[in-house]
Amino acid sequence: APGSEGRVQFSFRVRDASALAREALKNLTIDIRALLRPGAAVAALPGIDISGRAEAQAKIETALTLAARGTYYAGTLVGSGPLPPKVGAETIYTIVWSFSNAVNDVVNAEVRAGVPPYVRFTLVKSPPGEDILYDSARSEIVWRVPRIRAGAGTREAVKEVQFQIGLTPSAAQIGNAPSLLFGISASGQDEFTGNTIRVSANDITTDLTQSDPLVKSNQTRVVQ
C-alpha cells in the first residue's frame, strides 16, 4: 500500500579466516548491491520507474587468536628449581604467549595477566627486545605489541614471546597445582576495520602435562 514500509533480511557465509590467510588475502571487503522492483505495474504511476537501488560495503574483520601455555623443559628458556614444586623453594617456569592473525594487521595490541602474590616476574624474556613488564600497581604482567601482521601463524611465524616467572609455594598449597597466571586477555585494533578486537586464553597452573610433554603427572603438585 502507498506509504507502507518493509524490511528485507538476508545472510551469507564468509570463507574460513584461516583459509583466507593462507592465500595471502588481506583487507577484504564485500560489496552488496540490491535492486528492488514492484511485482506488478502501479496503475496510478503509468510509465514511471519506481524501482529502487541500494549499495553497501562491508569490511571483513580479522580473526585474532591468543595462545598461552607454561613449560619447564621445552622451549627456548628452560626452567629451574624443584619439580614438583616444593614448599619454601622457588621453581622457575617459562610462559609462552603467541598470537595468530588472519586477514588484517592488528595494531597496538596488549596482553595482560594477573599474577598471584606467591609468583614473581624474573625479567628473563625471549626475544630480548619484546616490550613486556610487570605492572606492580595492578599485579599484572603486560606485553605490548605494536603490530601483529596478517597471516601470522599461517603463512608466517606466530608472533610470540617467552618469559620466566618464579613460584614459591606455601604449606597451604601442598597437594595442589597452584595458579601461575590468571585472567589472561588481549586487545588490539583491527587496522583495516578500526574495530577493537578482544581475545582471551586459559589460566596457567603448575599442571603442565598438556603443554610440556616432558613434565610428568607426579611433578605438578606442591610437596613438603
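Hi everyone. Let me start with a term: a salt bridge here is a side-chain nitrogen of Lys or Arg within 4 Å of a carboxyl oxygen of Asp or Glu. One example is the pair Arg149 and Glu156, whose side chains meet at 3.2 Å, N to O. Please keep in mind that this is a predicted model.

So how exposed are those two partners? Arg149 counts as partly exposed, at 49% relative accessibility, and Glu156 is also partly exposed, at 28%.

By that rule, the count comes to twelve salt bridges. Some of them share partners, and in this way Glu110, Arg112, Asp135, Arg138, Glu140 and Arg144 are joined into one network. Let me show you two pairs from it. Arg144 bridges to Glu110, with the closest N and O atoms 3.2 Å apart. This pair links distant parts of the chain, since Arg144 sits in strand β8 and Glu110 in strand β5, 34 residues apart. Arg144 is partly exposed at 34%, and Glu110 is partly exposed at 23%.

The other pair is Arg138 with Glu140, at 3.4 Å between the closest N and O atoms. What I like here is the contrast: Arg138 counts as exposed, at 51% relative accessibility, whereas Glu140 is buried, at 15%.

Now to the inside. In soluble globular proteins, nonpolar side chains tend to be buried together. In our model, the largest nonpolar core has 35 residues, and Trp97, Phe99, Ile141, Phe163, Ile165, Leu181 and Ile184 touch the most other members.

On the surface, by contrast, Val8, Phe10, Phe12 and Val14 form a nonpolar patch, with about 420 Å² of accessible area together. Val8 lies in the segment before α1, and Val8 is exposed, with a relative accessible area of 67%.

Where is Thr193? Thr193 is in the loop between β10 and β11. Leaving out residues up to four places away, Thr193 touches Lys59, Ile60, Glu61 and Asn104, and its side chain reaches the backbone nitrogen of Asn195 at 3.2 Å. Thr193 and Phe182 are eleven residues apart along the chain, and their C-alpha atoms are separated by 30 Å.

Next, Asp31, in strand β1. Asp31 is partly exposed at 46%, and beyond its neighbours within four places in sequence, Asp31 is in contact with Ala56 and Gln57. With Gln57 there is a side-chain polar contact of 2.9 Å.

And last, Gln219, in the segment after β12. Is Gln219 buried or exposed? Gln219 is buried, with a relative accessible area of 14%. Beyond neighbours within four places in sequence, Gln219 is in contact with Tyr73, Leu83, Pro84, Pro85 and Leu214. A polar atom of the Gln219 side chain also lies 2.9 Å from the backbone nitrogen of Lys216.

Terms used. Residues are numbered from 1 along each chain as its sequence is written. This is a predicted model: local features need pLDDT of at least 70, side-chain atom pairs count only at pLDDT 80 or more; totals for chains, interfaces and linings use all residues. Side-chain values use heavy atoms; hydrogens and water are left out. Patches are made of residues with over 30% relative accessible area and no salt bridge: like charges are joined within 9 Å, nonpolar side chains (Val, Leu, Ile, Met, Phe, Trp, Tyr) within 5 Å. Accessible areas come from the Shrake-Rupley method with a 1.4 Å probe; for residues, only the protein chains shown count as cover. Helices (H or I, at least four residues) and strands (E, at least two) are DSSP runs, numbered from the N terminus. Buried means under 20% relative accessible area, exposed over 50%, partly exposed in between (1.4 Å probe, protein chains only). A nonpolar core is a set of buried Ala, Val, Leu, Ile, Met, Phe, Trp, Tyr and Cys residues joined through side-chain atoms within 4.5 Å. A polar contact is a pair of N or O atoms within 3.5 Å; within protein, one must be able to donate a hydrogen and the other to accept it, and residues adjacent in sequence count only if both atoms are side-chain atoms. Contact means heavy atoms within 4.5 Å.
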